[in-house]
Amino acid sequence: MIVIQDQQLRLLLLAHLIRQVQDAGKQPGTEGLTERHIAELQALTSSELVQLSEMTEPRVAIQIDAGSLDHGLRQVDYLNKRSRQLEHFIRHGATSNMLTKLFRISSADVTLKRRLFAGTSPLLRRPAMPPHATREKIQQRWYEIRKGKEREPVRAEDYQELHADFAQHTYATLWAVVHEFDTE
């Protein structure tokens with residue numbers, strides 16, 4: 001539990017408590033407050049509420065749920081990872097089609113991201129296919145990466161693993177080689 005010492009934060013939290021109680025009656029988080037407490041809080045004028053917030057009593061504190069905080073922190077970490085991953089793909093020549101499929105973002109978002117990294121991404125043009133022997137190596141490595149995962153959707157991480165072995169090629173080239181024989 002974190003005790004709030006700052007008067008303005010105390011005022012804000014007390015006002016929020018009053019608003020919450022007025023909007024929907026007794027709320028979760030008001031445990032320990034009696035009907036009398038709630039009625040007296042609601043009856044306070046603005047100047048009285050300010051006065052109350054300036055006092056050391058009542059103690060105003062917040063409690064953060066550790067489980068939901070962990071979940072929130074994991075989500076932030078995941079979103080940041082995906083953002084860095086998307087930037088990496090753009091900077092290494094991924095096609096718009098590849099980005100929309102792997103990252104499930106709209107083509108408008110792809111355009112915005114490309115503008116953001118415009119100075120650092122390679123020119124967008126149809127990739128030149130590498131020599132046949134190199135294409136065979138790329139196809140073989142892709143097969144190794146995807147072995148045992150055929151029923152799972154292709155992930156951006158799969159292409160990153162492929163790119164790590166063939167860093168001299170753009171993602172657009174690797175995408176073209178991997179999908180060279182697709183019938184769709």
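These legends describe close-up views of a predicted model.

**View 1. Asp158 (D158) sits in helix α8.**
Helix α8 runs over residues 156-165. D158 is buried, and its relative accessible area is 0%. Buried here means under 20%, so a value of 0% places D158 in that class. Beyond its neighbours within four places in sequence, D158 is in contact with W142, I145, R146, K149 and P153.

**View 2. The buried residues of helix α8 are A156, D158, Y159, L162 and H163.**
They cover an arc of only 155° around the axis, so they lie on the same side of α8. An α-helix has 3.6 residues a turn, so residues three or four places apart point the same way. Which helices do the buried residues of α8 pack against? They pack against α4 (66-91), α5 (96-103), α7 (132-146) and α9 (171-178).

**View 3. The largest nonpolar core has 22 residues.**
The residues with the most contacts inside this core are F89, M98, L99, L102, F103, Y159 and L162. Helices α4, α5, α7, α8 and α9 each supply at least two residues of the core. The largest share, five residues, comes from α9. In soluble globular proteins, nonpolar side chains tend to be buried together.

**View 4. F89 is one of the residues with the most contacts inside the largest nonpolar core.**
Residues up to four places away in sequence are not counted in this view. F89 then touches A94, M98, L99, L102, F103, A156, Y159, Q160 and Y171. Of these, A156 and Y159 are also among the buried residues of α8.

**View 5. A94 is found in the loop between α4 and α5.**
Is A94 buried or exposed? A94 counts as buried, at 0% relative accessibility. A94 is also one of the residues that F89 touches. A94 and W175 are 81 residues apart in sequence. In space, C-alpha to C-alpha, A94 and W175 are 8.0 Å apart.

**View 6. The second largest pocket has a volume of about 280 Å³.**
The lining of this pocket has 14 residues. Closest to its centre are K101, L102, R104, V154 and R155. Helices α4, α5 and α8 are the elements that give two or more residues to the lining. By class, the lining has seven nonpolar, one polar and six charged residues. L102 also belongs to the residues with the most contacts inside the largest nonpolar core.

**View 7. R104 lies in the loop between α5 and α6 (107-116).**
R104 is exposed, with a relative accessible area of 69%. Exposed means over 50%, so 69% puts R104 in that class. Phi of R104 is near 50°. That is a positive value in a residue other than glycine. R104 is also one of the residues closest to the centre of the second largest pocket.

**View 8. One cavity of 30 Å³ or more is found in a search of the whole structure.**
The largest cavity has a volume of about 30 Å³. Which residues line the largest cavity? L17, I18, V21, L33, I38, L41 and Q42 do. The elements that give two or more residues to this lining are α1 (7-24) and α2 (35-43). By class, the lining divides into six nonpolar, one polar and no charged residues.

**View 9. A cis peptide bond joins E57 and P58.**
Omega of this bond is about 10°. Where is P58 placed? P58 is in the loop between α3 (46-54) and β2 (61-62).

**View 10. F117 is found in the loop between α6 and α7.**
F117 counts as buried, at 11% relative accessibility. The cut-off for buried is under 20%, which means that 11% is enough for F117 to qualify. Leaving aside neighbours within four places in sequence, F117 is in contact with E87, I90 and R91. F117 and K149 are 32 residues apart in sequence. In space, F117 and K149 are 32 Å apart, C-alpha to C-alpha. K149 is one of the contacts of D158.

Definitions and conventions
Residues numbered from 1 in each chain as written. Predicted model: local features only at pLDDT ≥ 70, side-chain atom pairs only at ≥ 80, totals over all residues. Heavy atoms only, no water. Helix = DSSP H or I, 4+ residues; strand = E, 2+ residues; numbered from the N terminus. Buried < 20%, exposed > 50% of the residue type's maximum accessible area, 1.4 Å probe, protein only. Contact = heavy atoms within 4.5 Å. Arc of directions from axis to C-beta. Core = buried A, V, L, I, M, F, W, Y, C linked by side-chain atoms within 4.5 Å. 1 Å grid on protein atoms, 1.4 Å probe; cavity = no way out; pocket = protein on both sides within 12 Å on 5 of 7 lines; lining within 4 Å. Points joined across faces, edges and corners; volume = space filled by probe spheres on them. Nonpolar A, V, L, I, M, F, W, Y, C, P; charged D, E, K, R; others polar.
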